[in-house]
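We will go stop by stop.

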Amino acid sequence: MHTKHGIAVSPGVAIGPAFVLGVEDFRIPHRSVSGDAVDAEIVRFRCALENVCREIGDNEKLASEQLGTQYGAIFAAHQEMVRDPKLQGEVEALIRDRHYSPEFALSRVLGQYAKVLLNLGDMYKADRAIDLYDLEKRLLRHLLGERREELSNLTAPVIVLARDLTPSETASLPKRFVLGFATEVGGYTSHTAILAGALEIPAVVAVGDIVTDVSGGETVILDGINGRIIVDPDEDTILEYRDSEKRARSVAERLVSQRSLKSETADHSRIWLMGNIEFPEEAEHCKELGADGIGLYRTEFLYLESSREQSEEEHCEAYRQVVSAFPEQPVVIRTLDLGADKVPSQMPQLYPLGANPELGLRSIRLSLNDLERFKTQLRAILRVASLGDVRIMFPLISSLIELRQAKSTLHDVMEDLEEQGVPFNRDIQVGMMVEVPSVPLLAEDFAREVDFFSIGTNDLIQYTLAVDRSNPAVAKYYNSADPAILRMIQMVAAAGEKHDVPVTVCGQMSSDPKYIPLLVGLGIRQLSATPHVIPQLKEVVRHLTIPQAEAIAAHAVKLELARDVETYLRGELNKLCPDLAK
Ligand code: PEP
Ligand code: MG
């Protein structure tokens, strides 16, 4: 039994067999295969050989046609290597006799060949070693790539262990069979982590080397509460986890049974608790959990799930589904926040990311750069807005100019709809995300031009503290409790109050129960969170009074260090709701 530690990003405990996803940079785990899987693994290896032969044949043909047969001959040499019966025989012997996985056996054999060539001390022969590495990569891409496809064809429950999962891969995980997942990289507010919460799959990220240490098939406990992965646990540990799982479930059931209670403080101040969603189907679930509406609909997932552009009708259909779950409550639709890590895997060429994608052409900038797509989405939002209390929100606004351009595009779209006689809501509320430090600094200026603010702490922390939200190497510097972040929230809340502009917090900070007293104490009355935590947030709200929250906030903002703020808030939560304190 061995334990790995990481960052818990989606709560719950899962126990099941490991399913290891290969990695693109081809670090090959020392995996073995069970005796009865040997034949199937040999077939898998032969298929990869066949596919690579075909691929090299296509390359040879193309090079010969376009450049001449002498260039095609380069590939003929590769072809000969793949067809070498000695190579195939040696790899298959390792699979059959030593039960090596095809990936590991292949790396072993080709690694030995390359070493011999390199030791000959001849430049020309050393170059052939490079050809061998190239061949190895091709074969591994086929072998490992298959595992990624296998993921969508799972037939039994597993715990997925991967170096990384992109948001679009996470969005397409077959929820029925994925009990939980762990990745080597990632951060608490990475989009992959947020999706795990949305899909309600227990998950741990930033666990360091795992795909090389686990072969696949071993029993794994994935502890999404404490951020632990236990490989080959003993019986006692499994029993202990099953017990704690039972206790957690009974607390969750008690909280969900209170969903019809109003979300108000013990001294009767209304606190709006809304849901953050990525997929329209989640809206109904938010309702079941007692949400007061949808505070953030991340519409870019329409693109991350699909392989093509979305039509106006497709946008409308998704939005209608959300509004039908909340016909009388707020539904805040955020315009596309594509770019950076949210790039559809099928259309990467449309997103020129640049060297520093988080600071590049992303989000509202991408929309303003592609007005046709932006207008398609705006038309759909405006049309659906006639069906309920739909509000529109622009992401990642960093300057007044961007905000004005976005609003002016919205007005152009209204004119078009008017002219075409298409029904829509002209009085739609227009708000913006607060995710870039320039906005809190100029909050009063922005407040004059919007109907509401929504603070996206995930990006606000990233940009204020200069910490990549997905990079485990700097995860310790990423902290919602940082005094600079509290100050920013205070600034926005004050500007909102002065100009009568409501302020919501919709970043992951509001999904953590210990921050609720602080946020309420700072003047926030609307929170939008991962759906499954809404019952917990309501529990905190109902145990709190406004003077108590204000006293907590007043104390917290005087502390100098993030870790002191965190410890203090954890202690306060423990006093209010001991069941929820970790
Ligand atoms: C945020 O940045 O806090 C936010 C809610 O937006 P996203 O997580 O989608 O970037
Ligand atoms: Mg954001």
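Predicted model: local features only at pLDDT ≥ 70, side-chain atom pairs only at ≥ 80, totals over all residues.

Residues are numbered from 1 along each chain as its sequence is written, chains are lettered from A and ligands numbered from 1 in the order in which they are written, and side-chain values use heavy atoms, leaving out hydrogens and water.

**Stop 1: domains.** Colour by domain. Domain 1 takes 2-22 + 151-169 + 178-248, domain 2 takes 35-144, and domain 3 takes 258-576. These bounds come from an automatic or database domain assignment. Between the C-alpha centres of domain 1 and domain 2 lie 33 Å.

**Stop 2: a charged patch.** Select Asp234, Glu235, Asp236, Glu240 and Asp243. They form a patch of negative charge on the surface. Patches take residues with over 30% relative accessible area and no salt bridge, joining like charges within 9 Å and nonpolar side chains (Val, Leu, Ile, Met, Phe, Trp, Tyr) within 5 Å. A salt bridge puts a side-chain nitrogen of Lys or Arg within 4 Å of a carboxyl oxygen of Asp or Glu. Asp and Glu count as negative, Lys and Arg as positive; His and the chain ends are not counted. A charge is placed at NZ of Lys, CZ of Arg, CG of Asp or CD of Glu.

Now pick Glu235. It belongs to helix α8 (residues 235-256). Helices (H or I, at least four residues) and strands (E, at least two) are DSSP runs, numbered from the N terminus. Glu235 counts as exposed because its relative accessibility is 56%. Exposed means over 50% relative accessible area, buried under 20%, partly exposed in between (1.4 Å probe, protein chains only).

**Stop 3: a nonpolar patch.** Select Leu118, Ile130 and Tyr133. Together they make a nonpolar surface patch of about 300 Å². Areas use the Shrake-Rupley method; for residues, only the protein chains shown count as cover. Tyr133 sits in helix α5 (residues 123-152). At 41% relative accessibility, Tyr133 is partly exposed.

**Stop 4: Leu49.** Go to helix α1 (residues 38-67), which holds Leu49. Leu49 is buried, at 6% relative accessibility.

**Stop 5: positive phi.** Which phi does Ala206 have? About 60 degrees, positive although Ala206 is not a glycine. Ala206 lies in the loop between β6 (203-205) and β7 (219-223). With a relative accessible area of 16%, Ala206 is buried.

Finish at Leu396. Its phi is positive, about 50 degrees, and Leu396 is not a glycine. Find Leu396 in the loop between β12 (390-394) and α14 (400-420). Leu396 counts as buried because its relative accessibility is 3%.

Key. Areas by Shrake-Rupley, 256 points an atom, 1.4 Å probe, with all protein chains shown as cover.
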